[in-house]
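Please keep the sequence and the three-dimensional view at hand while reading.

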Amino acid sequence: MSHRPSSGLAAVSTALLAMSRHLEVRDVLKTIVASARDLLDAEYAALGVPDDHGGFAQFVVDGVSDDQWKAIGPLPRQHGILAAMLQEAKVERLADVRQDPRFEGWPSAHPEMSDFLGLPIKDGDEVMGALFLANKRCPRQGGGCGFTEDDEELLGILAQHAAIALTNARLYERSRELTIAEERSRLAHELHDAVSQKLFSLRLTAQAAAALVDRDPGRAKGELQQVAELAAEAADELRAAVVELRPAALDEDGLVNTLRTQIQVLDRAHTAEVTFDACGVRALPAAQEEALLRVAQEALHNALRHSGADRVEVVLVRRGQGVLLSVRDDGKGFEPRTVRRAGRHLGLVSMRDRAGGVGGTLSVESAPGKGTTIEMEVPGG
């Protein structure tokens, strides 16, 4: 392929780098297909991952509109040329796929295809998928167009790297599944060890109050106060255990979009007006984004449940290479001299721990009748 211009090699490099950037299997599949179609200048490209029942578990296309794809109907089965690529694990380069004896036709809404280049994506002996292109967009002598031996070689290189990218994506998803399973197990143990003990004490204390209510109302009242305290502690234990799990939305949507969505929900669910604004915020390391989200959630919980605020403002802005989070409410506030008691009540200790754990700082400003402002700043990653 020495006759290829340097721009062609740059295009290959760009395609390979694009595949290596993604960790989700679906994103890798889409990138492979788009890269192959662009690199070989084809009108259509597709990649199918086979299932164990003669069909495809996933099938990604490029060059077909969403409306066309819906009109085509169900995913194809493993037959004809696709079956040959998967079962025989060899390259198929055809001047006109419609003239091949294995061709079995298409659904009525399927676009017309003629010249065809397809090959399996393999990891050792395992066939991971079938990648194919159709309708090369280039002139040739005698009219029409067609894929060349160079195209076949180039697609083979792309397929080898696609196999690596797919394998990495599968390993990543598997490791994430294991992590989620471990987190669920850890959470179950924490709930059992902490919350269930509180609930057991709660039950015994309630039974004692019921036994005393007729013969000693004063002691019964004391027991009922203990019930209320135990119930509050159980609720705190439960919430502390649950919020330790990293939300999937943070991985999928990023910090800004996740916060915006959650705040829109809170604004609809509460009488207080809850607003959000973000300016110039860049992606941060996962631990920092999670810490910012958790502190924002805790501060919002405090403002909406305890402060009696009419308005809560959440602002996320870039500060140098880092980010500054501000949660401000116009509620009743509290006296800073009672910060020890307020700190326990409002979760300020855990918020400071979260900030410090990612190299950040947390500040709290409040006064009776003056509202509360909580700010957390984290450095850039």
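## Aromatic pairs

Does tryptophan 106 count as buried, partly exposed or exposed? At 30% relative accessibility, tryptophan 106 counts as partly exposed, where buried means under 20% relative accessible area, exposed over 50%, and partly exposed in between, with a 1.4 Å probe and protein chains only. The model is a predicted one, in which local features need pLDDT of at least 70 and side-chain atom pairs count only at pLDDT 80 or more, while totals for chains, interfaces and linings use all residues. Residues are numbered from 1 along each chain as its sequence is written, and side-chain values use heavy atoms, with hydrogens and water left out.

Four aromatic pairs are found in a search of the whole structure. Rings of Phe, Tyr and Trp (its six-membered ring) pair if their centres lie within 6.5 Å; planes under 30 degrees apart count as stacked, over 60 as edge-to-face and the rest as tilted. One of the pairs is formed by phenylalanine 59 and tryptophan 69, whose ring centres are 6.1 Å apart with planes at 5°, so this pair is stacked. Phenylalanine 59 belongs to strand 2 (residues 56-62) and tryptophan 69 to helix 3 (residues 66-72), so the pair ties together parts that are 10 residues apart in sequence. Helices (H or I, at least four residues) and strands (E, at least two) are DSSP runs, numbered from the N terminus. Phenylalanine 59 is buried at 8% relative accessibility, whereas tryptophan 69 is partly exposed at 26%. Ring pairs also link Phe56, Phe59 and Trp69 into a cluster.

Another pair joins phenylalanine 103 to tryptophan 106: the centres are 4.7 Å apart and the planes stand at 75°, so the pair is edge-to-face. Phenylalanine 103 is partly exposed, with a relative accessible area of 23%.

An open sheet of five strands has the order 6-7-8-10-9, with mixed pairing; two strands pair if DSSP finds at least two bridges between them. At the edges are strand 6 (273-279) and strand 9 (361-366), each of which pairs on one side only. From one strand to the next, the twist averages 10°. Strand 7 (residues 311-319) and strand 8 (residues 322-329) run antiparallel and are joined by eight bridges. Arginine 319 stands opposite glycine 322 in strand 8.

Helix 8 (residues 286-306) lies across strands 6, 7, 8, 9 and 10 (372-378), running at about 5° to strand 8. Helix 10 (residues 348-357) lies across strand 9 and strand 10, at about 145° to strand 9. Axes are lines fitted to C-alpha atoms, for helices over the stretch in contact, and angles run from 0 to 180 degrees between N-to-C directions.

## Serine 307

Serine 307 lies in the loop between helix 8 and strand 7 and is buried at 9% relative accessibility. A polar atom of its side chain lies 2.5 Å from the backbone oxygen of alanine 303. Apart from neighbours within four places in sequence, serine 307 is in contact (heavy atoms within 4.5 Å) with Asn302, Asp329, Gly331 and Lys332.

## Positive phi angles

Most residues other than glycine have a negative phi. Aspartate 41, not a glycine, has a positive phi of about 55°. Aspartate 41 is placed in the loop between helix 2 (25-39) and strand 1 (42-50), and is partly exposed at 31%.

Alanine 89 also has a positive phi, near 50°. Its place is in the loop between helix 4 (80-88) and strand 3 (92-94).

Conventions
Polar contact = N/O pair within 3.5 Å; in protein donor to acceptor, adjacent residues only side chain to side chain.
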